[in-house]
Amino acid sequence: MFLKEPVLCERIPTWPWADPAERHIVHYDEFVKKGGYQGLRQAIGMDRGEIVDIIKDSVLRGRGGAGFPCGLKWSFLPAPDGGKRYLAINCDEAEPGTFKDRLLVDFDPHLVLEGIAIACWACELDTAFFFIRGEYHHQAEVMEAAIQEAYDAKIFGSQGLMDGTMKFAVDCHVHRGAGAYICGEETGLLEAIEGKRGWPRIKPPFPAVKGLFGRPTIVNNVETLAAVPPILQRGVDWWKSIGVESSIGQAPSYGTKLVGVSGHVNRPGVYEVGMGVSLKDLVESDDYCKGIRGGRAFKACIPGGVSMGVLGTDQYHAELDFDIGQKYDLMGLGTACPAVFDESTDMVMVARNVARFFKNESCGQCTPCREGAQWLYKLLVRLERGEARPKDLDMILEIAGSMGIIPGTTICGLADGNNWAARTTINKFREEFEARLLVPA
Ligand SMILES: Cc1cc2nc3c(=O)[nH]c(=O)nc-3n(C[C@H](O)[C@H](O)[C@H](O)COP(=O)(O)O)c2cc1C
Ligand code: SF4
């Protein structure tokens, strides 16, 4: 579903038909002039529980990859006991092919800060850490400057939210990562903020109960939090009027989504669409991606970061919503940032390259992930060189299938990502892999 007007990107002239020359950072004064911080003003006049109920009602599902309902997560927090409570904002954005959060930070940082302030008020969280990936130097500076503006405007700070309108004080800090993918996993991220190696924690306990420094903590993605102010301002019914119901009896996919499209399309970029838009419509629309480069045919797509697996040639029509996992044999929607491959793509090379990424990024805590990632990579290198035997292909599938939280062998989902990427690429392009065997199967 294409939108009549942008919502999260309403102040960002990156809309396909906007003039890129007008792109600029929306600073505090401009943000306020254009209606910014009205959602926060509204929120502090409301009962905290009412805000959580609104977000629950909206079925806002996390935009960081897992799609967990945001309001439900907020409701898991224990009652305040007078001690510290934290919000950790996940701007690690290290999933290959994903570059949507940086757009919000690049151009409309106060929208994210407004979402942060509302979340802190609604959940009684006194300190927010904006965790940003190491490579986002410019974005970290933009965010630091925007936070300073928000302190100067007394949004944050010891006087209390919004110039002391509420005697509830919130502090907000930027914490820069050092470039490890695993620090995007929510508990790896908490370890990193604590100054330790980014090793994911065994769950439970979940962060809402025992998170940063052992205290209750909410971890949310940047895009999730950016959706909170418009939901409060425009209402739940409006949010639910965008997006789609599930066609397979699952939870709905409401609202808008930032999709960062890369790969073999004529106009890559970040676009805001209604959930449920089909990949084919997005790629072929003249208003969006303008088709596949050189007029070539579609071959495959990584629909939401490599961790989710690949869509096959006959799945071009797949709808970008939370049903996609079950309907098209993927792990899930992930970040909904499609990397599109045309007919010239060598899928064996893709599988090997993706396996290389995961073997480099495994934190090494769990044996099936640490060792399995190395073996998957070695076997795929052998296969790409035409030196693999038929049993090697089966071995790749067996190793991949044994790695992850879903088979129950690892602490975090990085190994599931490796598993799904390898298995779906081989299963959906099996003939291409068999043709590379030393003795064809
Ligand atoms: C290996 C791995 C990497 C992840 N990287 C990110 C990331 O870069 N950004 C993000 O928001 N979530 C990432 N996630 C998901 C987070 O663990 C978590 O679900 C998310 O930040 C929660 O926010 P949300 O509910 O608002 O989506 C990652 C998960 C895994 C397993
Ligand atoms: S699954 Fe892999 S990345 Fe995750 S904790 Fe285990 S070894 Fe580390």
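Predicted model: local features only at pLDDT ≥ 70, side-chain atom pairs only at ≥ 80, totals over all residues.
1. Domains. The chain is assigned three parts: domain 1 (9-241), domain 2 (244-342) and domain 3 (347-434). Between the C-alpha centres of domain 1 and domain 3 the distance is 34 Å. These two domains touch through 8 residues of domain 1 and 8 residues of domain 3. On the domain 1 side, the touching residues comprise 6 nonpolar, 1 polar and 1 charged.

2. Ligand 1. The shell around ligand 1 holds 23 residues, of which G62, G64, G184, T224 and G413 come nearest. Strand 4 (residues 217-221) gives the largest share of that shell, with 3 residues. Sorted by class, the shell has 8 nonpolar, 9 polar and 6 charged residues. Because both domain 1 (9-241) and domain 3 (347-434) contribute residues to the shell, ligand 1 lies between them.

3. Ligand 2. Around ligand 2 there are 14 residues, and the closest are C363, C366, C369, T410 and C412. At least two residues of this shell come from helix 15 (367-384), and at least two from helix 17 (414-428). The class count for the shell around ligand 2 is 9 nonpolar, 4 polar and 1 charged.

4. Residue E361. This residue belongs to helix 14 (residues 347-361). Is E361 buried, partly exposed or exposed? It counts as partly exposed, because 19 C-beta neighbours lie inside 10 Å, while the buried class requires 20 or more. Apart from neighbours within four places in sequence, E361 is in contact with Y181, I182 and L414. E361 and A146 are 215 residues apart along the chain, and their C-alpha atoms are separated by 31 Å.

5. An open sheet with mixed pairing is formed by 4 strands in the order 8-7-10-9. Strand 8 (269-274) and strand 9 (298-302) are at the edges with a single partner strand each, so one side of each has no neighbour in the sheet. From one strand to the next, the twist averages 30°. Strands of a sheet pair through backbone hydrogen bonds, in either a parallel or an antiparallel manner. Strand 7 (residues 256-263) and strand 8 run antiparallel and are joined by 6 bridges. Within this part of the sheet, V259 stands opposite Y271 of strand 8.

6. Most peptide bonds are trans.

7. Most residues other than glycine have a negative phi. Which value does phi of Y37 take? For Y37 phi is near 65°, a positive value in a residue other than glycine. Y37 sits in the loop between helix 1 (28-33) and helix 2 (38-44), and Y37 is buried because 22 other C-beta atoms lie within 10 Å. V59 has a positive phi as well, near 50°. The loop that holds V59 runs between helix 3 (48-58) and helix 4 (70-75). V59 is buried, with 20 other C-beta atoms within 10 Å.

Definitions and conventions. Residues numbered from 1 in each chain as written. Chains lettered and ligands numbered in written order. Pairing = 2+ DSSP bridges. Axes fitted to C-alpha atoms, helices over the stretch in contact; angles between N-to-C directions. Near = placed C-beta within 6 Å. Nonpolar A, V, L, I, M, F, W, Y, C, P; charged D, E, K, R; others polar. Buried ≥ 20, exposed ≤ 12 C-beta atoms within 10 Å, placed from the backbone. Contact = placed C-beta atoms within 7 Å. Domains from an automatic or database assignment.
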